[in-house]
Every structure is written in structure tokens, then in C-alpha cells.
Amino acid sequence: MGVNTQHCSFVLLAEFDIDRGAQLTYQFPQPLGTDEGLLANLMLPDGAEKHLEDWTIFFLNQTPFNMIAPVLALETPDSVGKENKSELLYVLNLVRTKHDKAVRRGAVVKAMAICTPHPFIQIFKPVLLLALDDYFSSPSQDCLARLFDAINSMDLSAAPILTRAEKIIMRNSERKDVFIEKFTPPRTPLSFQHPGGRGGHRQTNSTGSHASFEEGIMMRTKDSLEGRGRASSDTSVRTRSASRHNGNGSQHSPSENSFSLGGSAVWVSDDGGLVENAAPPGVASSYGSQASSAAAKGGRMSTDASSSSSHGQHTRPPLTAGILDPRLGTKDTHYYHTTIAYKGHQLPIKMPLFTFPQEVGDYSLIQLIQTFSIATITGPLHPHLHSNGSLTHPIILLFNALVTGKRIIFLGHNRPAGQVSSYVLSACALGSGCGIILRGFIERAFPYANLTNREEWESVPAYIAGVTNPIFESSGSWDLLCDVGGGRIVVSKDIHSSHPPSGTHGGLPSTLTRNGTLKTESSIGSEDDLGRIPGREKEASKSDFTAKADNADNVFIEDIITAINFHFGETLVQARFVEYVWRFIRLASRYEEDTLGTTTVGFPGASFSEGPGDSSQLGSGKVFLDDAAGSREAMANASRIEGWRRTGMYRMFQEVMGLCNTPDAITLNGLDPPNPVFQDFKRSCATNAIRGFDINYQLWRLRNAKYMQDAEVELIMRTLVDAVQTYDQVVELLSLTPPHNGGLLPLSFGLFHQQQVVRDLTVDLFTQLRMYPVGVQFLQALNHFQRYAYVRQAHARESRGVGVRDASGPGFLAPPPTFSRTSSHRGDLNLSTG
């Protein structure tokens, strides 16, 4: 993608002529150089005249048959010498039918589409609606030119830059002020340093700047990445100086019901509000008047001072700011708010900041689950699909088909084409883990397809297509058909000949010797003991189609459906399926270990081993009750794992594991990205922000284990304290502790450990998290008891003369408060100074 490509590459206009059929009337600013009949038929879907309005989505530059070749090439000189691979274009199309008795057939059908390099195409719907209305009123090419210019005048130059870990945190958080510091305008643009050592955003004109928002971010990030080390070093020196000044000049007791930790807020009031006062960076201050005011309202007190961390030398904005803070200009930091000016109207645009390239449009996993969770499954059983035999849940069967590369059709007879397209995009998100884990789905997806180029898209391996014509059901060129209207999922009768069951190593016992095993004790459905039902451990899988009503996948789907019935939102459902895909990957890693002796998609499975001195080793991978239990679990999923290992997605996952938190990761849209960006899993261990150990496993142990050796807990906490120092490391850790899994709760257990060293290490870790606004927000999510335990122990360490470990140097802690009970019958604990 070139730096001069615009937000909108082309605008298309198609009309239906009763004599000639679908016709492509206009292409602006130039012809695309592809089959015009194909474009016209994609823009005017089958049965469009039955609906007053419909939306369709399709892609260009996706496969050889829909490549474009405009006269004026879109590539820029920076693409010279690279492989001749054009960027994927996402096409959002609006088709409208207006009934008019004065015309033949009594209706006029027109469609207008925009081609954009951005996957978040839903943000252009409002302006496309106005533009099509404009064309119906005065049909001319000027309407297309106005739309083209309006979209390309949209300014995204100041949009925050988010890494992969930051996106994961944002999408899992319901706080509307998450990463709000990234929206704060710089006071001195030439010298301002973005949090984390990043440079300020360059003010470029987006009408002719970058090929896409993602590519633009990559270009704007290159210079800031080079300066991160220098900024971090300079900031650390300034912060240590401020800390020394703070320690020498702040030897006073905090006011009643208020105290400071020389940094970020820890307490929030009962109504969730923060009591905050601006103070110079690095200077701790107490707020007696604010404390008294909040105390009169019966709320907990905020203990806060301006941040003195190395994350930035500007005053941290209030964490409750957003709606009321005029400096920020945004009501929800999940979106970048901008406008599109069209014919005198300023259309508000909310661009999502948390999406990944495999997420296109405003899809809905809840809609997909509600539609097909009660679907009837027919057709032969296949080992790749029926992981639980005849009792395999329809959603799990669809997931298995997606990850094992089966040809899938979504049929919506007499349904709007936009609805069918939504199911295709939702399926891509389902299989990819919402774009976070796997990729390669969008490149073989056809949200709307028809008979015009049937031979071409049916020739694409493992295609995922949405159709409205029922003739495709009898074609037999698919492996799985999902009937949207009929509530059916049909497995092709020829699937065994199209996809012969792959040979597995199920009959071969594991020859690996493991140092130890761990029992997975938490609930079924996450990173835990899936399928270990008490009393049934002796049951062996007698065939590939053994069915169990209490199968782990079925329990997981029941949990999801229950959450939907209790009105949990799309955010939680997406997060749970991300965990499910991760669990599948880690299970595949264990399977490779058992059958091949090594794995290329995960850490080797091992439990904690205690040794003399510093020779103890942390656990890693996915381990079970014993070798037999682990082998049974892996072999029960052997068929679908083997099916996945034979797909291109498996090979891409081996490569993409090295992306992690690199900002370049957000530009990946194609099947063949630049090779330097990609690394295998082993190299990723040396490029992650947190390196050298399996952090997912350690967090899982803290979250789920019923019994852990003191030595293991100490080693985990010590390793985390040593490994989590910089902003990128803090963000990566927080991205692995989502709110729906308790957030920092597993780590907070260390505050109540029986050994003093573990408690001190936990205080150190929390202090390092507190150096950054996002860490403060996670600490605030803990309950009052946990937060107070942290503050009390931090003060206790200071009173003992043991400084709290701080990423930016020694800091001052005010004397510890003491507990006192009031005469109130409520029995609330108040904080007072002793």
C-alpha cells in the first residue's frame, strides 16, 4: 500500500436496465480495469427489487478474477522492487429500490458503492446514504465526485496509535476513558513525547497521505519507535530527580481520610468517581478539602497525585475525563471522533480503534450464535467436523469447518443480501478469534456471491461465501451449507471424497517423558481442564465419533448462550471466543508434543520444578492431571487438529506468532505480507515485550490452581516483577488479564500470601503497574479491600525502611494509616492517620 492512497479509492454507480440488465453506469475517478458486468451484478444482488434498501459487501484485489487494473496505478514509488501484490479493497455497497408507476416494471433500482482500504467500512454508511439520495434527486457524475472528495477530506491524522496489546485491552474494557492520555493534545508539538516514549502525531493531510489508516499509522510510528529508547532514558533521569525532590520535600502526614502514594489514584469513591487535583509531575500532594467533601457524601476517598512515571512528563489527564473534559473532545476513547463534510452537513464519524484486519464491518457473533445454535444438522459425520460425534454443537461444527479449511456457503433465500454478508463476516471473526489469533479468512471470504462468476470463486480453496440464490444448494460444490432462513446446517454427502479423513497418531502412545503434570481445576470453557468430568476419566475414545452430552465444547456453548440470555454484550461473547481459539491452539501444541516430540505453535508442556538456589523452573504449555489425561484430551481433538495443521492458516500462524506488539502488525491484510515482519514462534520468544517464559501459563496457574507451592508463587511473582518494567511490558501483561477473567485479581492474591517476600513482590509489581494510567485503571477495578491491602503494605514497607521498588527510582510513601471504627452501625472502615 502506498502512502498516497486515499480513504476512498473509487466510487461506483450501477443501475438496473430492464432491457440490458445490471449496468455499471459510472466509475470515479477512473475505470477500475476489471469486468464491469461482474461489478454491476455484485452491486445489484439477486432479489434486490424485493427490498426497499439493502447493503452488500464484497472485496477487490482478493483473487485473480477480481483484481483491478486502473489506468493510473494506485501503487507509489515505495512499492517498486516489491512483489506485485495489490492491496485488498473493501467495497461497501448500498442498493435502493424506489417504486414508480411511471416507469417499466414500476420501480427504479440504483446502487452506489465505495472502495476503501479500511476494514471498518461501516463508518461510511451515513455519507453513502446521503450520496445515493443526492443521485436519485439529480443523477450525474458530480454526485460521485462530491462523495469521493468528502470521504477523502476526512482527517484521521491525529488518531491514536495502538499496538496489538493496547487494542486487546481496549476491546475488553467497558471504560470509556481507557487510554485517554493518548487523546490529550500536546502542549508543545515539537518536544511533546507521547506516553511510552512515542513522539507526537505529525499533522498530515489525510486527503492524500496514506494508503490506509493502518498503513498511515505504521508510517507515522517509524520515527517514534526509533526515539523510544532515547525518550525512555531521558524521562527516567528526570523522574528520578523528581522523586528525590519529592522524598526530601514531602515529609508530612496526609490529611484525614486521604493519603498519597506519590503517583496515581488508588481509591475511588463508592459512586465510581475519582477525587483528583492537578499537581506538578512527581510532587505528591494531599487533598484535605476534597477528602472532607467526599467523606461528607459517605464515599471512599481518592488517594492521588499526578503521575511521576517515565510514561510521560506531561500532566496526566483525569481518569474520569472524557465527556466533561473539553481538552479531549471525545466521549468514548474506543473510537476516534471525526467528521465528514458533505453538502453543508457535518456528519459525525466514530472510527473504531480496537479492530483487527480480519474484522470487517459491524459483524455480530451474538446474531450468528442465536441463529444457528438451534439449527438442525444433517449429513454424514466427518472427523474434522464432528469433534463430539452426533452431539457436536452447530456452532462448534461451524468453527471446525472454518479452521480445517472446508468450503462453506451461507444461504439466505428471500433474505437481504446484507444479512447474508453479515453472517459471512461473523463466521470469519469466529474462526480467527476476532482477528486476534488466526488469519487467512478474509482472503477467502465472499460476503456476497452470485452466479456471474461462480466458477471463479468456487475454485478458491476453503471459500466462505454468502448467497441468496437457492440453486447453490443443489450444486454440490460445498462442504457445509448454513441455511439462514431454514435453520439448517447441512454437511455435504460427498465430503469424505472431497476431504478424506487425515491419518492421526491416535493409536500411538506418547513416548515423551514429562517432569510433572498439573490438574486443571477451573470451570470448563476457558484455559482449564476441558473435558475432565469426575467419574468419567476411565472412558476411552472408542472411535472418532464418540459423543458426550457433557463434552467441554457443549458446556462452553451453553455458557455462551446463557450469557446472551442474560443480556451480556458482544464484547464478552467475542472475548470468550478469543479464549476458545487460544485454547484450541494450546491444545494443538500439546498434541504436537505427544505425537511429534516437539511443537512449533506454543511452549513445551512442563510443570514447575523446584531446585536449589536459582535453578527452579517455571511451568509452561498446557498440562493435565497426568500423561494419560493429557493424551486423551489431545487425541479427542486429534482429527480437527490434524485438519488444521494441513491448512495454510496453520503455516501462517507459525509465522505470525512473532508479530506480538510490533506496530507493523496492524497493517497486515494480505496472505503474503512483507517477510521481515514475520518470524516463527521461537523467534517471537525473543521479540515479545515480556520474554523468556510462558506468561499465559503463570497467570492461568494464579487464576485457577487450588494449591501451589510457596516456591512456585514466589518465583512467578519475582519473574513478573523483573519482566514487567517498561510501558510495553505493562500493557502486554494487562492485555492478558481481561476484566471478565477478574483483571488483576489473580495477582492481588499475592497481597495476602503467608510469606512476606511474596507480599513485597506483589507490592513491587503493582507499583510498577501504577506508573502508567492504564495500570491505574486496572488497579481501580480491584475492590476496596484489595486496594487498601496494597496501599497499607506499601506504607508498611516504607515505615520499615524498605523502599518500594519503582520503575522510575525511589519514591516517597507517606506514613501508613491505621484502622479505626466509627460509632456508625454500618461498621464501615474509615482511614485515618495514626
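How many bridges pair strand β14 (residues 480-483) with strand β15 (residues 488-491), and in which sense, parallel or antiparallel? The legends below take up this question and others. This is a predicted model, in which local features need pLDDT of at least 70 and side-chain atom pairs count only at pLDDT 80 or more, while totals for chains, interfaces and linings use all residues. Residues are numbered from 1 along each chain as its sequence is written, and side-chain values use heavy atoms, with hydrogens and water left out.

**View 1. Strands β14 and β15 form a hairpin.** β14 and β15 pair in the antiparallel sense over 4 bridges. Two strands are said to pair if DSSP finds at least two bridges between them. Strands (E, at least two residues) and helices (H or I, at least four) are DSSP runs, numbered from the N terminus. Look for leucine 480, whose bridge partner in β15 is valine 491. There are 4 residues between the two strands, and glycine 487 in the turn has a positive phi of about 65°.

**View 2. An open sheet is built from 6 strands.** Follow the order β10-β15-β14-β11-β13-β12, in which the pairing is mixed. β10 (376-378) and β12 (445-446) stand at the edges with a single partner strand each, so one side of each has no neighbour in the sheet. β10 pairs with β15 in the parallel sense over 3 bridges, and here isoleucine 377 stands opposite isoleucine 489 in β15. Glycine 476 is found in the loop between β13 (464-467) and β14. Its relative accessible area is 38%, so glycine 476 counts as partly exposed; the scale calls a residue buried under 20%, exposed over 50% and partly exposed in between (1.4 Å probe, protein chains only). Glycine 476 and serine 492 are 16 residues apart in sequence, and their C-alpha atoms are 7.1 Å apart in space.

**View 3. Strand β1 pairs with β5 and with β2.** β1 (residues 10-17) is mostly covered, with 6 of its 8 residues buried. With strand β5 (residues 107-116), β1 pairs in the antiparallel sense over 6 bridges; phenylalanine 10 has cysteine 115 of β5 as its bridge partner. With strand β2 (residues 21-28), β1 also runs antiparallel, joined by 7 bridges. A hairpin of 3 residues links β1 to β2, and aspartate 17 stands opposite glycine 21 in β2.

**View 4. Strands β8 and β9 form another hairpin.** Strand β8 (residues 335-342) and strand β9 (residues 345-352) run antiparallel and are joined by 8 bridges. Isoleucine 340 stands opposite leucine 347 in β9.

**View 5. Arginine 586 and aspartate 694 meet in a salt bridge.** A salt bridge is a side-chain nitrogen of Lys or Arg within 4 Å of a carboxyl oxygen of Asp or Glu, and by this rule the count comes to 27. The N to O distance for arginine 586 and aspartate 694 is 3.3 Å. Arginine 586 lies in helix α13 (residues 570-596) and aspartate 694 in the loop between α17 (681-684) and α18 (695-704), so the pair ties together parts that are 108 residues apart in sequence. Arginine 586 counts as buried at 15% relative accessibility, and aspartate 694 is buried too, at 2%.

View 6. Glutamate 458 counts as buried, at 16% relative accessibility.
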